[in-house]
Amino acid sequence: MKIDELYSKLNELDFVEKDYVAIKHYVKDKNEEEEQEISHRVLKIYSEQGKIAEVVLDHPYMVRTEYPNFARLNLLQQQALVSILIDFMRTPVEERQSEMYFAYYFDLNHLPHFIKKLPNGRLSDEVIPVAYLRTLSDEELQKFIFTMTEMMQFPDDYRPRFDSESFVKVMSHQEMSEELDNHNKGK
């Protein structure tokens with residue numbers, strides 16, 4: 001199960017209003033020759049009452065449900081949540097990361113319009129030269145990056161079809177990063 005699928009399933013159960021990932025730091029076993037700090041990205045899962053579970057995103061088989069609010073869930077909610085977490089935990093770490101995409105289209109003047117998430121959950125587009133994307137802060141750049149699941153929720157006319165004839169084109173985050181690096185080297 002990909003991370004964006006995990007979020008979608010948790011949202012369907014009304015457990016996560018927004019993605020809340022924290023970095024937790026641990027110290028490696030003191031019996032080792034050198035102590036080493038290890039950090040994991042942890043998704044904290046909430047219900048209306050408060051925290052109900054945590055799952056580690058970048059390490060297999062690490063989950064916690066020993067919170068009082070988990071015990072307050074009804075049995076069906078507990079079973080649904082645990083089932084989702086087990087599916088996610090079984091997924092090898094290297095297969096969990098969702099592919100992230102930029103979605104864009106060209107106007108009649110061949111200027112790129114990048115689709116962007118607005119704070120209210122709606123979509124907009126901005127005319128942005130590709131090289132300008134490199135100057136955006138990480139927070140601003142996140143507004144232009146979508147998972148496959150998010151793109152499938154675009155309005156029909158703006159939904160990418162992943163073919164050359166599609167009105168809305170896509171480029172993976174990795175491809176865009178490489179293109180921007182090549183553009184900066186050419187200066």
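N74 caps the N-terminal end of α3, with a side-chain oxygen 3.0 Å from the backbone nitrogen of L76. A polar contact here is a pair of N or O atoms within 3.5 Å; within protein, one must be able to donate a hydrogen and the other to accept it, and residues adjacent in sequence count only if both atoms are side-chain atoms. The model is predicted, so local features need pLDDT of at least 70 and side-chain atom pairs count only at pLDDT 80 or more, while totals for chains, interfaces and linings use all residues. Residues are numbered from 1 along each chain as its sequence is written, and side-chain values use heavy atoms, with hydrogens and water left out.

Helix α3 spans residues 75-90, which makes 16 residues. Helices (H or I, at least four residues) and strands (E, at least two) are DSSP runs, numbered from the N terminus. From its first C-alpha to its last, α3 reaches 22 Å, close to the expected 22 Å; the expected span is 1.5 Å times one less than the number of residues.

Which residues of α3 are buried? They are Q78, L81, I84, L85, F88 and M89, where buried means under 20% relative accessible area, exposed over 50%, and partly exposed in between (1.4 Å probe, protein chains only). They cover an arc of only 135° around the axis, which puts them on the same side of α3. That arc is taken from the directions from the helix axis to the C-beta atoms. An α-helix has 3.6 residues a turn, so residues three or four places apart point the same way. On the other side of α3, L75, L76 and R90 are exposed.

The largest nonpolar core has 19 residues, and L6, I45, V55 and L81 have the most contacts inside it. A nonpolar core is a set of buried Ala, Val, Leu, Ile, Met, Phe, Trp, Tyr and Cys residues joined through side-chain atoms within 4.5 Å. At least two residues of this core come from each of α1 (3-12), β2 (37-47), β3 (50-56) and α3; α3 gives the most, with 5 residues. Among the residues that V55 touches, beyond those up to four places away in sequence, are L6, I45, L85, F88 and M89; contact means heavy atoms within 4.5 Å. A second, separate core of 12 residues includes F102, L141, M171 and M176.

H173 sits in helix α6 (residues 173-185) and is partly exposed at 29% relative accessible area. Its contacts include E99, F102 and L141. The C-alpha atoms of H173 and E99 are separated by 7.7 Å, though the two are 74 residues apart along the chain.

**Ring pairs and positive phi**

Rings of Phe, Tyr and Trp (its six-membered ring) pair if their centres lie within 6.5 Å; planes under 30 degrees apart count as stacked, over 60 as edge-to-face and the rest as tilted. The count comes to 7 aromatic pairs. Y104 and F114 form a tilted pair, 5.5 Å centre to centre with 40° between the planes. Y104 lies in strand β5 (residues 100-106) and F114 in strand β6 (residues 112-117), so the pair ties together parts 10 residues apart in sequence. F146 and F154 form an edge-to-face pair at 5.0 Å and 90°.

Y61 has a positive phi of about 60° although it is not a glycine, and H110 does too. H110 is in the loop between β5 and β6.
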